[in-house]
Amino acid sequence: MSDTTFAPDRIAAPIPVREVLPWVLFAALALLAIYFVGVEEGATSLINGMYVHEFVHDGRHLLGFPCH
Ligand SMILES: [Zn+2]
């Protein structure tokens with residue numbers, strides 16, 4: 001048996017939104033970039049035509065997303 005007991009003496013401090021907001025924006029932009037590089041094609045396409053696909057085509061292959 002263990003003699004230690006869980007007795008938290010510290011309470012986690014809340015993280016201010018002002019400090020989190022830049023990271024949230026960075027993550028949103030990164031996810032948007034991954035979307036355009038990875039799956040902006042065919043049925044998942046938001047923009048008609050092949051302009052975005054052709055623009056990010058080399059990056060798509062570099063990152064290993066399936067293409068054609
Ligand atoms: Zn390709």
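Let's start with Ile-47, which counts as partly exposed because its relative accessibility is 39%. Partly exposed sits between two cut-offs: buried means under 20% relative accessible area, exposed means over 50%, with a 1.4 Å probe and protein chains only. Ile-47 is in the loop between H1 and H2. A word on those labels: helices (H or I, at least four residues) and strands (E, at least two) are DSSP runs, numbered from the N terminus.

Before I go on, the source. This is a predicted model, where local features need pLDDT of at least 70 and side-chain atom pairs count only at pLDDT 80 or more, while totals for chains, interfaces and linings use all residues. Residues are numbered from 1 along each chain as its sequence is written, and side-chain values use heavy atoms, with hydrogens and water left out.

Back to Ile-47. What is Ile-47 in contact with, leaving aside its neighbours within four places in sequence? Phe-36, Glu-40 and Val-52. Contact here means heavy atoms within 4.5 Å. Take the pair Ile-47 and Phe-36: they are 11 residues apart along the chain, and their C-alpha atoms are separated by 9.9 Å.

Now the overall picture. The protein has 3 helices and 0 strands. From the N terminus, the elements run α-α-α. Look at the dimensions. The C-alpha trace spans about 65 × 35 × 20 Å along its principal axes. The radius of gyration is 22 Å, whereas a compact globule of 68 residues would have one near 11 Å. That radius is taken over C-alpha atoms, and the globule rule is 2.2 Å times the number of residues to the power 0.38.

How much of the protein is buried? Of its 68 residues, 15% count as buried. The accessible surface comes to about 6,300 Å², and 70% of that belongs to carbon and sulfur atoms. These areas come from the Shrake-Rupley method with a 1.4 Å probe; for residues, only the protein chains shown count as cover. On contacts: among those between residues at least 6 apart in sequence, 19% join residues at least 24 apart.

Next, helix H1. H1 covers residues 17-38, and its 22 residues should span 32 Å at 1.5 Å a residue; the end C-alpha atoms are 30 Å apart, which agrees. The expected span is 1.5 Å times one less than the number of residues. Which residues of H1 are buried? Tyr-35, Val-37 and Gly-38. Seen down the axis of H1, the buried residues fall within an arc of 165°, so they line one face of the helix. The arc is that of the directions from the helix axis to the C-beta atoms. These buried residues pack against helix H3, residues 57-63. On the other side of H1, the exposed residues are Val-17, Arg-18, Leu-25, Phe-26 and Leu-29.

Ala-30 also belongs to H1. Ala-30 has a relative accessible area of 30%, so it is partly exposed. Ala-30 and Glu-54 are 24 residues apart along the chain, with 19 Å between their C-alpha atoms.

On to H3, and Arg-60, which is found there. Is Arg-60 buried or exposed? Buried, because its relative accessible area is 0%. Setting aside neighbours within four places in sequence, Arg-60 has a list of contacts that includes Phe-36, Val-37 and Gly-38, as well as His-53 and Cys-67.

With a relative accessible area of 39%, His-61 is partly exposed. Beyond its neighbours within four places in sequence, His-61 is in contact with Cys-67 and His-68. His-61 and Gly-38 are 23 residues apart in sequence and 9.1 Å apart in space, C-alpha to C-alpha.

Last, His-53. His-53 lies in helix H2, residues 51-55. At 4% relative accessibility, His-53 counts as buried. Its side chain makes a polar contact with the side chain of Arg-60, at 3.4 Å. A polar contact is a pair of N or O atoms within 3.5 Å; within protein, one must be able to donate a hydrogen and the other to accept it, and residues adjacent in sequence count only if both atoms are side-chain atoms. Apart from neighbours within four places in sequence, His-53 is in contact with Glu-40, Glu-41, Arg-60 and Cys-67.
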